[in-house]
Amino acid sequence: MRALGQGARRLLGELVEGLRIALSSLLGARLRSLLTTLGIVIGVMTVIAIVAIIQGLNAAFEEQIASIGTHTIHVSKYQWVSQGQGEWWLMRNRKDLGLAELRAVEREATLATAVAPQVSVFQGTVTQADHELRGIRITGTDPRYLDTNGGAVAAGRFLTETDVDLSRTSAVLGFEAGQRLFPGWEPEAIVGRRVRVEGHVFTVVGAMARRGKFMDLDLDTIVFLPYTTFLRDLGGKRSLILSVSSAPEHLQELQDQLIGILRRVRRVPPDRPDDFACNKQEEFLKLYNQLTGALYAVAVGVGLITLVVGGIGIMNIMLVSVTERTREIGVRRALGARRRTILLQFLIESSVVATLGGAVGTALGLGTARVVSLATPLAAAVTPSAVVLGLTFSAAVGLLFGSWPAWRAARLDPVEALRYE
Amino acid sequence: MSDPLIVVDRLHRHYLVGGETVRALDGVSFSIARGEWVAIVGQSGSGKSTLMNLLGCLDTPTSGVYRLNGSDVEGLDDDALADLRNREIGFVFQTFQLLPRATALQNVELPLVYRGLSRRERRARAAQALEAVGLQNRMTHRPNELSGGQRQRVAVARALVGNPSLLLADEPTGNLDSATGEEIIRLFSELHARGHTLLLVTHEPRLAARCPRAIRLSDGQVVGDGPGTEIAALGAARVVHG
């Protein structure tokens with residue numbers, strides 16, 4: 001303390017005094033303080049709860065999006081993330097992607113670390129004894145699928161080159177598919193059993209570990225077949241998806257390379273646009289961010305409006321407080337308080353009121369988020385930054401809306417203030 | 001010590017009220033030496049409150065000179081006036097004006113907060129000041145737990161704690177019954193005996209009569225300046241000088 005200058009000590013004393021006054025006047029008028037801060041409480045609560053829910057959504061989405069492979073380009077007839085309906089009809093009429101394209105990519109895409117074809121039935125049926133699975137995805141692919149799209153085998157093995165080369169009737173069941181076709185069976189026990197896929201008999205060679213969902217696609221109910229067998233038994237008139245992976249830093253170059261190869265193989269004239277699409281994870285991210293960005297903006301807007309309303313409440317009550325304490329202000333000025341001192345005192349009071357409201361609002365907001373995550377599938381994530389944000393914002397609102405009343409208090413004439421009845 | 005503490009020379013304070021100039025103070029001159037105990041008396045509207053505000057550095061004159069403790073008050077800005085009040089003047093108000101939610105000790109500490117003293121020093125000096133007015137057993141009481149006389153004692157302690165050169169009291173007994181008022185007058189008398197300079201603004205002849213010197217104001221001018229007993233007895237009737 002001794003090292004502190006007189007001015008600094010004075011400021012410190014004034015701050016402490018300001019805090020003391022603020023707390024005692026808060027406690028002195030509990031109901032009024034409560035009502036005053038209600039606006040702030042609700043505003044901060046709304047923002048915190050929504051931010052927590054959105055952050056939870058983000059975390060869940062990021063987890064999902066990782067499940068389609070971070071550094072993979074999925075070449076398809078269809079643009080997965082498209083704006084507007086019209087394009088879909090155009091895309092449908094494009095030439096299918098077939099084995100010629102697959103071979104060309106396998107041969108010429110030097111930046112690719114793995115290439116896996118996929119051909120799918122979207123509403124397939126698989127049966128085992130009297131168990132039937134309807135409306136599931138049946139995908140023909142090859143061993144590289146695990147590299148391009150992720151996933152791991154829990155029992156048995158995944159498809160092999162030999163399965164593909166010999167068009168064997170091997171099947172790998174997704175985790176859920178296995179559980180539902182063989183209720184109560186261990187995954188190991190499923191291996192070697194027979195199932196009917198779209199009426200054709202297949203031998204189960206492996207069962208996948210649980211993978212979760214991607215958007216509305218349940219990755220755990222997929223049944224995998226060698227794509228050669230798929231094309232032979234389930235019909236060859238289907239377009240392939242080519243999943244091509246690369247090192248992360250080469251993803252853009254790989255895309256250019258793929259476009260070059262495919263345009264040549266598919267004989268796209270130079271003046272025509274691509275008749276295929278390179279789908280990447282980041283497009284989902286973009287779409288997602290667009291959607292949640294709007295939600296975010298609305299939520300933050302609503303929260304800000306509430307905070308402004310709360311701030312006006314604080315301004316109102318501070319004006320009342322300044323009027324009520326006019327004589328006190330006069331006395332303080334007579335005892336040597338500078339204008340700055342009075343200004344500081346009321347600023348401290350308004351920001352303390354607002355920050356307390358913010359703290360209550362933060363607690364309630366986190367509580368709401370918790371309730372939401374328990375009661376609904378939405379996972380609300382509580383981050384320290386949300387708490388800091390809530391407190392900072394409410395303190396700022398207190399300062400902002402307290403500044404006019406504080407300024408009015410500070411410019412009161414001491415003589416007038418002392419005479420005030 | 002030869003210099004007077006207060007020198008007031010041809011002090012004017014005019015207000016503009018509804019387009020008309022009101023001469024609340026109309027050329028007041030006097031000086032007060034250190035250690036004096038002076039009452040300023042006059043009827044309401046005589047200008048004594050205006051004079052007190054000027055002497056208390058709460059207001060600035062329209063024209064004229066006010067010198068307090070050797071320094072000219074004219075031309076000081078708001079902050080400088082606040083600091084001057086804090087250092088040189090101790091105020092005692094008619095209605096005590098204590099902070100209701102603060103203890104006696106905290107109330108007395110307040111001027112020292114504005115002076116920037118350390119907490120420990122504030123505490124020590126505030127306790128000392130409360131002791132000096134006989135309230136050493138009431139330090140942690142809040143104003144509503146104290147009697148009127150005790151409250152005014154706290155106010156006096158608050159005025160004294162900064163060791164000001166001038167104690168300025170505005171109707172200090174106005175809100176007290178006569179017995180308690182007498183108690184406060186005795187306290188002032190003690191303070192006077194200890195060498196404090198006291199300036200009392202009052203309309204009570206009884207209080208003015210107890211002061212060694214009194215200055216009577218009427219219509220913004222000094223109409224009497226002499227021993228308290230005489231000035232109090234004179235009333236407004238006899239004008240000593242115009």
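This is a predicted model: local features need pLDDT of at least 70, side-chain atom pairs count only at pLDDT 80 or more; totals for chains, interfaces and linings use all residues.

1. Chain A has 15 helices and twelve strands. Its radius of gyration is 33 Å, well over the 22 Å that the globule rule gives for 421 residues, so chain A is more spread out than a compact globule. Taken along the principal axes, the C-alpha atoms of chain A fill a box of roughly 105 × 55 × 50 Å.

2. Chain B, by contrast in its description, has eight helices and ten strands. A compact globule of 242 residues would have a radius of gyration near 18 Å, and chain B, at 18 Å, agrees with that expectation. The C-alpha trace of chain B spans about 50 × 45 × 40 Å along its principal axes.

3. On burial, 41% of the 421 residues of chain A count as buried, while buried residues make up 48% of the 242 residues in chain B. For contacts between residues at least 6 apart in sequence, 83% of those in chain A join residues at least 24 apart, and in chain B the corresponding share is 68%.

4. Where the chains meet, 23 residues of chain A are in contact with 21 residues of chain B. On the side of chain A that touches chain B, at least two residues each come from α1 (6–28), α12 (326–334), α13 (339–375) and α15 (414–419) of chain A. Of these, α1(A) gives the most, with nine residues. Sorted by class, this side of chain A holds seven nonpolar, seven polar and nine charged residues.

5. The largest nonpolar core has 118 residues, and those with the most contacts inside it are Ile40(B) and Ala157(B). Helix α2 (residues 30–66) of chain A supplies the largest share of this core, namely 13 residues. If residues up to four places away in sequence are not counted, Ala157(B) touches Val108(B), Ala129(B), Leu130(B), Ala132(B), Val133(B) and Leu135(B). Another core lies apart from the largest one and has 52 residues, among them Ala116(A), Phe158(A), Phe175(A) and Val244(A).

6. How many of the twelve residues of helix α3 (residues 104–115) of chain B are buried? The helix is mostly covered, with twelve of its twelve residues buried, and these include Gln106(B), Asn107(B), Glu109(B) and Arg115(B) as well as Val108(B), Leu110(B) and Val113(B). The cover over the buried residues of α3(B) includes α1 and α13 of chain A, together with α2 (78–88), α4 (119–132) and α5 (148–160) of chain B. After α3(B) comes Gly116(B), whose phi is positive, near 85°.

7. Two packed helices are described by the angle between their axes and the distance between the axes. Helix α11 (residues 281–324) of chain A and helix α14 (residues 384–410) of chain A pack at an angle of about 35°, with their axes 9 Å apart, and α11(A) passes α14(A) in a right-handed crossing. Among the residues that meet are Gly310(A), Gly311(A), Met315(A) and Leu319(A) in α11(A), and Phe393(A), Gly398(A), Trp404(A) and Arg408(A) in α14(A). By class, the contact of α11(A) with α14(A) has 14 nonpolar, four polar and one charged residues.

8. Most residues other than glycine have a negative phi. Glu198(A) is found in the loop between β6 (194–197) and β7 (200–208) of chain A, and is partly exposed, with 17 other C-beta atoms within 10 Å.

9. Arg267(A), likewise not a glycine, has a positive phi of about 50°. Its place is in the loop between α10 (251–265) and β12 (277–280) of chain A. Arg267(A) counts as exposed because there are 9 C-beta neighbours inside 10 Å.

10. A last point concerns Phe214(A), which lies in strand β8 (residues 213–214) of chain A. Phe214(A) counts as partly exposed, with 18 C-beta neighbours inside 10 Å. Although Phe214(A) and Glu63(A) are 151 residues apart in sequence, they are 9.0 Å apart in space, C-alpha to C-alpha.

Conventions: Residues are numbered from 1 along each chain as its sequence is written. Chains are lettered from A and ligands numbered from 1 in the order in which they are written. Helices (H or I, at least four residues) and strands (E, at least two) are DSSP runs, numbered from the N terminus. A residue is buried if 20 or more other C-beta atoms lie within 10 Å of its own, exposed if 12 or fewer, and partly exposed in between; C-beta atoms are placed from the backbone. Two residues are in contact if their C-beta atoms, placed from the backbone, lie within 7 Å. Ala, Val, Leu, Ile, Met, Phe, Trp, Tyr, Cys and Pro count as nonpolar, Asp, Glu, Lys and Arg as charged, and the others, Gly among them, as polar. The radius of gyration is taken over C-alpha atoms; the globule rule is 2.2 Å times the number of residues to the power 0.38. Axes are lines fitted to C-alpha atoms, for helices over the stretch in contact, and angles run from 0 to 180 degrees between N-to-C directions. A crossing is left-handed if the near helix is turned anticlockwise from the far one by less than a right angle, and right-handed if clockwise. A nonpolar core is a set of buried Ala, Val, Leu, Ile, Met, Phe, Trp, Tyr and Cys residues joined through C-beta atoms within 7 Å.
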